[in-house]
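Biologist: I am new to this one. Please show me the structure, and then I will ask about the ligand.

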Amino acid sequence: MGIIIDQNKCSGCGLCVKSCPFDVIQIKSRKDENKLHPRYKNIAVILEGCTLCGACVEACPVDAITVTREKKEPAATIKDYKGIWVFAEQQDSVVQEVALELLGKARDLAGKLSAEVTAVLLGDKVAKEADRLIHHGADRVILVEDPVLKDFLDEPYADVLCHLVGEYKPEIILMGATTIGRAFASRVAARIHTGLTADCTDLDIDPQSKILLQTRPAFGGNIMATIHTEHHRPQMSTVRHKVFKPLEEDKSRKGDVVKVAYPGKIVSRSRIIDIIKDKTQQVNLTDADIIVSGGRGLGKPENFELIREFAEVLGAAVGASRAAVDANWISYSHQVGQTGRTVAPKIYFAIGISGAIQHQVGMRSSDVIIAVNKDPHAPIFDIANYGIVGDLFQVVPELIKQLKK
Ligand code: FAD
Ligand code: SF4
Ligand code: SF4
């Protein structure tokens with residue numbers, strides 16, 4: 001790897017100097033550099049700190065600069081990476097629901113790869129959770145217990161997982177797109193030099209290449225992009241809570257629990273002094289069985305009362321589209337969608353909501369979707385199980401009346 005300036009071609013014009021984002025090119029006298037030329041007095045010289053970014057190559061009008069990089073062959077070692085891992089995020093020594101959802105998806109992917117599913121459980125006194133992971137789809141649980149791992153801390157968790165990846169070489173690692181998972185996955189991916197696709201809304205296996213297909217919204221949610229990690233392993237993805245469904249717990253499932261000792265002492269430069277629970281998020285949309293969401297079709301904030309009344313009759317939680325939240329009709333904690341909550345209730349009512357893709361990614365895993373919209377072509381009807389085309393101000397009061405009966 002390196003950068004070479006062809007001294008026979010360089011005219012010392014200085015165009016490359018301006019192009020270098022790291023300011024490491026200087027024009028010097030050829031005499032001083034002992035690189036004489038019959039026509040040109042000056043020459044470009046590369047200083048220390050060149051990152052081989054290649055910006056100067058494009059800038060040079062006479063093609064005097066060549067950057068050579070190590071060729072990234074699809075590593076032969078890629079074949080050594082086998083199996084699907086799910087990071088079994090735990091809080092207060094209890095495995096979080098998102099890990100069980102990921103195990104369900106991992107089983108589906110494992111079927112297409114003929115691979116094993118491993119849950120990686122890090123913590124202190126968490127061994128009791130291993131069986132639950134097996135009952136939800138893990139073939140094996142890798143367990144690392146240490147007092148330092150009791151609560152999540154970036155540094156020791158990353159040290160341990162990077163060590164495990166080096167030892168066992170998993171092909172895929174899935175983590176919840178939670179506060180913990182987001183911080184953890186990115187740190188690990190950077191450390192082990194692999195790709196990470198955050199906030200995936202779907203995962204699949206390419207039938208030919210057997211590469212993980214990681215789908216997520218891109219360009220502000222205007223397109224759904226499917227991302228491949230072709231040349232590096234493991235392939236890493238984070239997925240939000242409620243995007244996938246966990247498998248039914250099967251207490252007859254058997255699996256192995258492998259206790260791994262980290263070589264050396266697990267250390268952390270930071271420590272948790274106290275954990276203060278956020279009591280401001282009172283709306284528990286994520287766990288609700290029924291959600292009634294209202295959108296811009298309601299027309300004005302007062303009309304949200306209709307949604308609240310309907311929700312009360314059903315014993316449901318109240319959700320909203322971003323348009324309603326942005327208009328200040330209801331607080332952000334009610335927002336469902338890409339930049340709000342991801343929900344998967346048994347029944348989701350979308351009232352006066354068009355069903356933009358950014359809304360859909362937050363609710364389309366609901367068991368039953370019922371949409372009320374006056375526009376028969378509204379995209380919400382593409383995913384609704386039941387669609388009522390009509391004026392919500394007539395439909396919803398009638399539903400309330402009938403339900404009250
Ligand atoms: P509209 O699209 O205006 O739809 C209103 C619907 O109400 C229409 O279909 C109309 O036919 C119907 N209607 C009107 N009057 C009546 C009536 N009387 N009876 C019945 N139906 C009626 N959106 C989200 O919801 N959540 C997100 O997290 C989110 N994140 C985003 C992130 C990004 C980066 C971007 C760019 C956008 C995001 N959006 C999100 C916005 C999204 O693109 C839509 O703009 C938004 O969902 C539209 O909200 P809406 O369906 O309430 O409004
Ligand atoms: Fe500067 Fe990049 Fe050229 Fe190196 S390769 S000299 S960093 S522009
Ligand atoms: Fe030399 Fe090319 Fe840089 Fe001009 S742009 S100084 S010719 S290397």
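Biologist: How far is a nitrogen atom of ligand 1 from an N or O atom in the side chain of Thr339?

Modeller: This is a predicted model, where local features need pLDDT of at least 70, side-chain atom pairs count only at pLDDT 80 or more, and totals for chains, interfaces and linings use all residues. Residues are numbered from 1 along each chain as written, ligands are numbered from 1 in written order, and side-chain values use heavy atoms, without hydrogens or water. A polar contact is a pair of N or O atoms within 3.5 Å. Here the separation is 2.7 Å.

Biologist: What share of ligand 1 does the protein bury?

Modeller: Accessible areas come from the Shrake-Rupley method with a 1.4 Å probe. Taken alone, ligand 1 exposes 980 Å². The protein buries 79% of that.

Biologist: How many residues of the shell around ligand 1 are polar?

Modeller: The shell holds 26 residues (a heavy atom within 4 Å), with Ser321 and Asn373 among the closest. Six are nonpolar and five charged. Asp, Glu, Lys and Arg count as charged, and Gly is among the polar. The polar count is 15.

Biologist: What distance separates the centres of domain 1 and domain 3?

Modeller: Domain bounds come from an automatic or database assignment. Domain 1 covers 2-68 and domain 3 covers 290-404. Taken over C-alpha atoms, their centres are separated by 61 Å.

Definitions and conventions: Polar contact = N/O pair within 3.5 Å; in protein donor to acceptor, adjacent residues only side chain to side chain.
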